[in-house]
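Biologist: Got the model open here. Can we walk through the fold together?
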Amino acid sequence: MLRISNHYISKVVFSLLFLEVLILIGSFYAGAGLRIFDGDEFVLPKLDHFFMSACVFAAAIVFSMSALGMYQVKVSEGLRNPFFLQLMPSFAMGFCILTLVFYLAPDLYFGRGILILVFCISGTGIVLARMVFLKSSELSILESRIIFVGCGQLAKECGELVTRSGSYHKYHVAGYVSVPGEDITVPRERLLALDHGKSLVQLARQHRVSEIVVSVQNRRGGTFPIKELLDCKLYGINVTDSTTFFERETCQIRVDSVQPSWLVFGGGFDQSWVRTFMKRSFDVAASLLLLVVSLPVMLITALAIYIEDRAPIFYSQERVGKNGNVFRVLKFRSMFTNAESGGKPQWAAKNDPRVTRIGNIIRKLRIDELPQILNVLKGEMSFVGPRPERPYFVEQLTERVPYYNVRHSIKPGITGWAQVRYGYGDSVEDAVQKLQYDLYYVKNNSLLLDVLVLIDTFKVVMFRGGR
């Protein structure tokens, strides 16, 4: 795994993305060369404009492929229907984006004939690149061999995580090293014995492992092999904490295994003025752009709500923001006016009977969240961040869920990492699952992660992707 701006990205996916960007830019130049070689009248624009056109073309296609989930690679599917069902719409979506860009910036336009050639060449190149990628993924040299120190429930969950099928990062579990005093829940035939005075380093060398994951729930007492783990690390073997392992592999932080010291002394939680300035600039720019683009949709939504259930059009409700400050969030009203006639707050369920017909549509398309653009411009919210919760539920969840208040260390968002990865929640258990994603975002928030969340949000809204 590569760690870019505190976010974990697979080396395989990063390499594939980098290769396909080169293919797209190279296809642009190849298409232009073939067009000129055919003798057609075509005048190349200025060199800087031509390179900019190539970059815009590559960015449009990569964004489209990302939005349709083509970089969430499943090796087991190969190049069967899912790949081609995603590639063609990606190119069609990229064509629409390019049409809009060329309308706004006509100097970047490079002609219809060359555009057709570029699409044909780049499509062929991407198919060939995916074939090579999938073929190379079968090589055992790319397989990581791993040992888990521990034999309890935590070790079992770690082992089950790495053996999930379809992942582009393949692991081979060499076995588990038991720790005295821990119940054995893993298969006994997978236990590795440190007999005849054999050290952990020798065991790792024998099984040719490249990583050791410490998956022991209780590390107190003199039975924890801290010295042997240090020897392994000095020998060049990666030694990883189970919390970091889960963070890396699932992009969430498990609240049931995290230690307070790990949060205190670990990396992340960047609250510097540089990050604050960058995030605020991003929030304002993204909100103004979305406001302009979505204004017609918002006007139609307001009219539809009024026709079905009359006024009020908007719905204002208290939510908890940064540092526990309470503010009023603004949304399009999606429920009947007497939704909480009993006076007691209720969880918003996925198929809530209190939702109107228009409300059901705008909730599925996330249109009900659009008025929160005003909350972002006022500085009460960010464009990307943990979703704000009502004070009534925050009080309950803070008492029952460890580290719940950590999510209030940054501004809440219109969309967030938990929303695109988990979706709606209507119980304390769902709140715990979403918190694990929120903690990951709070710890590793960056401009890159914000962009990835926006791409996933686009996929969820337009193509019902994600959860």
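Predicted model: local features only at pLDDT ≥ 70, side-chain atom pairs only at ≥ 80, totals over all residues.
Biologist: Let's start with the open sheet: in what order do the strands come, and is the pairing parallel or antiparallel?
Modeller: The order is S4-S3-S5-S6, four strands in an open sheet, and the pairing is parallel. Strands here are DSSP E runs of at least two residues and helices are H or I runs of at least four, numbered from the N terminus; two strands pair if DSSP finds at least two bridges between them.

Biologist: Which strands stand at the edges?
Modeller: S4 and S6 (238–241) do, each with a single partner strand, so one side of each has no neighbour in the sheet. From one strand to the next, the twist averages 25 degrees. For angles, axes are lines fitted to C-alpha atoms (for helices, over the stretch in contact), and the angle between N-to-C directions runs from 0 to 180 degrees.

Biologist: How many bridges join S3 to S4?
Modeller: Six, with the two strands running parallel.

Biologist: Ok, H5 next. Which residues in H5 are buried?
Modeller: In H5 (153–162), they are Leu154, Ala155, Cys158, Gly159, Leu161 and Val162. Buried means under 20% relative accessible area, exposed over 50%, partly exposed in between, with a 1.4 Å probe and protein chains only. Down the axis of H5 the buried residues fall within an arc of 155 degrees, so they line one face of the helix; that arc is taken from the directions from the helix axis to the C-beta atoms.

Biologist: And what covers the buried residues of H5?
Modeller: The cover includes S3 (144–149), S4 (171–177) and H8 (242–250).

Biologist: Switching to H10 and H11: how do their axes cross?
Modeller: At roughly 155 degrees, with the axes of H10 (273–309) and H11 (357–364) coming within 9 Å. H10 and H11 are therefore roughly antiparallel (under 35 degrees is roughly parallel, over 145 roughly antiparallel, 65 to 115 roughly perpendicular and the rest oblique).

Biologist: Which residues meet there?
Modeller: Thr301, Ala304, Ile305 and Glu308 in H10 meet Arg357, Ile358 and Ile362 in H11. The contact divides into four nonpolar, one polar and two charged residues. Ala, Val, Leu, Ile, Met, Phe, Trp, Tyr, Cys and Pro count as nonpolar, Asp, Glu, Lys and Arg as charged, and the others, Gly among them, as polar.

Biologist: What about the hairpin of S7 and S8, how many residues sit between them?
Modeller: Five, and Asn323 in the turn has a positive phi of about 60 degrees. Seven bridges join S7 (314–320) to S8 (326–332), which run antiparallel, and Val320 stands opposite Val326.

Biologist: Is the Ala311 to Pro312 peptide bond cis or trans?
Modeller: Cis, with omega near 0 degrees. Pro312 sits in the loop between H10 and S7.

Biologist: Last one: is Cys251 buried or exposed?
Modeller: Cys251 counts as buried, at 10% relative accessibility. Cys251 has a positive phi of about 55 degrees although it is not a glycine.

Technical notes: Residues numbered from 1 in each chain as written. Heavy atoms only, no water. Contact = heavy atoms within 4.5 Å.
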